[in-house]
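Please read it alongside the sequence and the model.

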Amino acid sequence: MKKLYLNTGGINTIFTDLESSFEGTLTADNEDYNLAVNSKWAKGTISGMSFENKMSYIQFDMIFSDEVTLSIESFQCAPVFFAYCSAGNLKHSFGAYGNSTNLKKGQSGIMSNNTTINNVLYFERNKPVKILLIGVPTATFQSEDADLLSKISKMFINSSGNYVYVGAQNHKISEKIKEFDCIPQKGIVKNLLKKSILSSIVAIEAMQHSSNYSAMITPILDLATKQMDEIKRISQVNISEVLHSIGHAGRNYLPRLFREKYQLINKYAQNSLAKTA
């Protein structure tokens with residue numbers, strides 16, 4: 001068994017540690033990290049990114065020739081982790097000797113830990129595994145996310161320290177993950193679409209654990225779809241022609257326009273969740 005240890009920190013620090021641990025080749029494009037692994041004991045890719053509101057994700061698409069444990073140091077921001085298994089099997093425990101929970105293909109899991117105990121992930125040998133982990137901070141967050149993250153904290157943070165839930169994957173989330181894995185756009189547009197999709201997934205999780213889930217989810221998903229369609233539409237515009245026509249100010253205006261577009265879904269979700277509190 002190969003035992004790895006991951007220190008917490010910024011996304012760059014995390015991927016630098018992963019690069020060293022997995023003996024891979026790391027590339028980064030607009031803060032979108034991709035680690036290609038082709039060693040004697042592991043093959044595949046590990047990708048991830050941290051967004052402006054500090055929500056982040058890491059995705060493992062790997063196969064190991066040996067059993068591997070990855071011990072992740074506890075985070076000061078007390079994140080809630082949303083985990084989705086698209087292939088293979090993942091085992092999780094709080095600490096090396098804690099009770100383990102299995103996450104199988106087609107299942108989703110929610111884990112949180114506000115103590116100093118590490119999150120430990122166990123990967124099986126000779127079995128392809130694809131896992132998406134979304135981390136949402138609850139101890140430190142920006143004011144525009146306060147309503148949503150306060151709701152998530154109340155739902156998924158246990159006063160005793162540890163919280164874990166495993167269940168069948170919501171079919172709407174499954175569709176979102178498929179969409180997340182097939183984004184054809186590049187650069188800032190790709191990053192905006194990623195954040196929009198991940199934010200939608202987190203909102204769906206929060207709402208399906210709320211009492212009036214069915215009444216709230218449809219309008220939020222409709223808005224998310226319109227938002228992503230608009231981002232995709234804007235991405236087809238000839239940017240060079242737009243910048244030429246509106247002058248130098250356009251270099252600052254376009255990124256701001258994109259940010260305003262994809263933040264709409266977050267504000268709508270927060271307002272809807274506040275009504276269920």
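Two strands pair if DSSP finds at least two bridges between them. Helices (H or I, at least four residues) and strands (E, at least two) are DSSP runs, numbered from the N terminus. This is a predicted model, in which local features need pLDDT of at least 70 and side-chain atom pairs count only at pLDDT 80 or more, while totals for chains, interfaces and linings use all residues. Residues are numbered from 1 along each chain as its sequence is written, and side-chain values use heavy atoms, with hydrogens and water left out.

**Overall composition**

- The chain comes to 7 helices and 13 strands.
- Of its 277 residues, 48% count as buried, where buried means under 20% relative accessible area, exposed over 50% and partly exposed in between (1.4 Å probe, protein chains only).
- Among contacts between residues at least 6 apart in sequence, 70% join residues at least 24 apart; contact means heavy atoms within 4.5 Å.

**The antiparallel sheet**

- An open sheet of 8 strands has the order β2-β3-β4-β5-β12-β7-β10-β13, with antiparallel pairing.
- Its edge strands, β2 (25–29) and β13 (162–168), each pair on one side only.
- From one strand to the next, the twist of this sheet averages 15 degrees; axes are lines fitted to C-alpha atoms, for helices over the stretch in contact, and angles run from 0 to 180 degrees between N-to-C directions.
- Helix α4 packs on the sheet, touching β3 (32–38), β4 (42–50), β5, β7, β10 and β12, and its direction makes about 80 degrees with that of β12.
- Strand β7 (residues 80–87) is mostly covered, with 6 of its 8 residues buried.
- β7 runs antiparallel to strand β10 (residues 107–113), to which 5 bridges join it, and pairs over 7 bridges with strand β12 (residues 129–136), also in the antiparallel sense.
- Y84 stands opposite S108 in β10 and opposite L132 in β12.
- Strand β5 (residues 56–64) pairs with β12 in the antiparallel sense over 7 bridges, and Y57 stands opposite I134 in β12.

**The mixed sheet**

- A second open sheet consists of 5 strands in the order β1-β6-β11-β8-β9, and its pairing is mixed.
- The edge strands here are β1 (2–6) and β9 (100–104), each of which pairs on one side only.
- The twist of this sheet averages 20 degrees from one strand to the next.
- Strands β8 (residues 89–94) and β11 (residues 119–123) pair in the antiparallel sense over 5 bridges, with F94 opposite N119 in β11.

- The buried residues of helix α3 (residues 171–181) are I173, S174, K176, I177 and F180.
- These residues lie on the same side of α3 because they cover an arc of only 160 degrees around the axis, the arc being that of the directions from the helix axis to the C-beta atoms.
- H171 and K178, on the other side of α3, are exposed.
- At the start of α3, a side-chain oxygen of N170 reaches to within 2.7 Å of the backbone nitrogen of K172.
- Helix α4 (residues 187–208) contains I204, which is buried with a relative accessible area of 0%.
- I204 and N170 are 34 residues apart along the chain, and their C-alpha atoms are separated by 8.7 Å.

**Cysteines**

- A search of the whole structure finds 0 disulfides, a disulfide being a pair of cysteine sulfur atoms within 2.5 Å.
- C85 counts as buried at 1% relative accessibility, whereas C182 is exposed, with a relative accessible area of 58%.

Technical notes. A polar contact is a pair of N or O atoms within 3.5 Å; within protein, one must be able to donate a hydrogen and the other to accept it, and residues adjacent in sequence count only if both atoms are side-chain atoms.
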